[in-house]
Amino acid sequence: MKFTPPLFSRHGLLATAFLVAGSASALAVDWTQTTGPFGTAANWSGGAVPSGVAATIGNGGTATVAAGNSFNVATLAVGGHSGTGAITQSGGALSASQVMIGGDDSFGGSGQGSYALTGGTLTGGNNEMWVGSRGGTGTLAMSGTSSVVNGIQIIIGRDAGGSGTLDLAGSARLSNLSNHLFVGINAPGKSSTATVRENATLASADEIYVGWLGGNTCQGTLVLKDHATMTAVNGVVIGRDSGKGTMTVGDSAVLEIGGGLMAGAGSNAVGA
């Protein structure tokens, strides 16, 4: 294990507004098939491949994205508020203004979403990316040379009832361009986990929080092993402000941390 420990600095969480254009919502389309190509018009309500509009896969089906494909939508909801859905991507490119995997921005959801990439790229815009949000359960699994990039925050497990799982393997890379990356936020009684293994990379443009808020019953877990790399420009906090967090680093995993590493920050936080 390697660790670079410059001085720690704390930053306030950037308040973020989430805007979804009314025109895109009005033109939202839903996946209607069991399993099939994302780019087949007949697989979508309205008989057209979504382009620049909101797209939801919540009927229990699975959309596939392959090499040579390129798609752009507004919001991408996998599972949605109360459905079940999946995307498998072996290549190509899919971009969205916001990506939501399992649940959405409304409380009381039960959506279950999964996104598995073995190749290709998934790109989110300047809205938070959620994997398990507000009652939803989300899974993001990456391997091969796949890449996921979001404009701002990426949250694995968010708010009441939200639970998320991230598995990074192969030479996959998950990163954001600004703000923080979180594992387990304000979800009392729920656990969220991020595992970075083999030669994969997890990178935050600011800080990484593992377990934040939630009255010590919101559990965030981060595991790094093999030859994995984790980069955080302005520090890592394990357990913050009544959150409970755990980080395990083993094998030849590499930590590249600017700003320092802290366990247990703020009142009633538990970090290990």
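**Rings, cores and a strand residue**

Glu256 has its place in strand β25, residues 254–257.

Visitor: Before we start, what kind of model is this?
Guide: This is a predicted model, where local features need pLDDT of at least 70 and side-chain atom pairs count only at pLDDT 80 or more, while totals for chains, interfaces and linings use all residues. Residues are numbered from 1 along each chain as its sequence is written, and side-chain values use heavy atoms, with hydrogens and water left out.

Visitor: And how do you define a strand?
Guide: Strands (E, at least two residues) are DSSP runs, numbered from the N terminus.

Visitor: Back to Glu256, then: buried, partly exposed or exposed?
Guide: Glu256 is partly exposed, at a relative accessible area of 41%. Buried means under 20%, exposed over 50%, and partly exposed in between (1.4 Å probe, protein chains only).

Visitor: What is Glu256 in contact with, leaving aside neighbours within four places in sequence?
Guide: Thr229, Met230, Thr231 and Ala232, with contact meaning heavy atoms within 4.5 Å. Glu256 and Ala232 are 24 residues apart in sequence, yet their C-alpha atoms are 6.5 Å apart in space.

Visitor: Switching to rings: how many aromatic pairs are there?
Guide: The count is 6 aromatic pairs. Rings of Phe, Tyr and Trp (its six-membered ring) pair if their centres lie within 6.5 Å; planes under 30 degrees apart count as stacked, over 60 as edge-to-face and the rest as tilted.

Visitor: Why do Phe182 and Trp212 count as stacked?
Guide: Their ring centres are 5.6 Å apart and the planes are at 10°, so this pair is stacked. Phe182 belongs to strand β17 (residues 181–185) and Trp212 to strand β20 (residues 208–212), so the pair links parts of the chain 30 residues apart.

Visitor: Is that pair buried or exposed?
Guide: Phe182 counts as buried at 0% relative accessibility, and Trp212 counts as buried at 11%. Trp212 also forms an edge-to-face pair with Tyr209, 5.3 Å centre to centre with 70° between the planes.

Visitor: What about the largest nonpolar core: which residues touch the most other members?
Guide: Tyr115, Leu202 and Met230, out of 51 residues. A nonpolar core is a set of buried Ala, Val, Leu, Ile, Met, Phe, Trp, Tyr and Cys residues joined through side-chain atoms within 4.5 Å. Another core, of 10 residues, lies apart from it, with Trp130, Tyr209, Trp212 and Ala265 among them.

Visitor: What sits over the ring of Trp130?
Guide: The charged end of Arg158, 3.8 Å from the ring centre. The rule asks for NZ of Lys or CZ of Arg within 6 Å of the ring centre and within 35 degrees of the ring normal.

Technical notes. Helix = DSSP H or I, 4+ residues; strand = E, 2+ residues; numbered from the N terminus.
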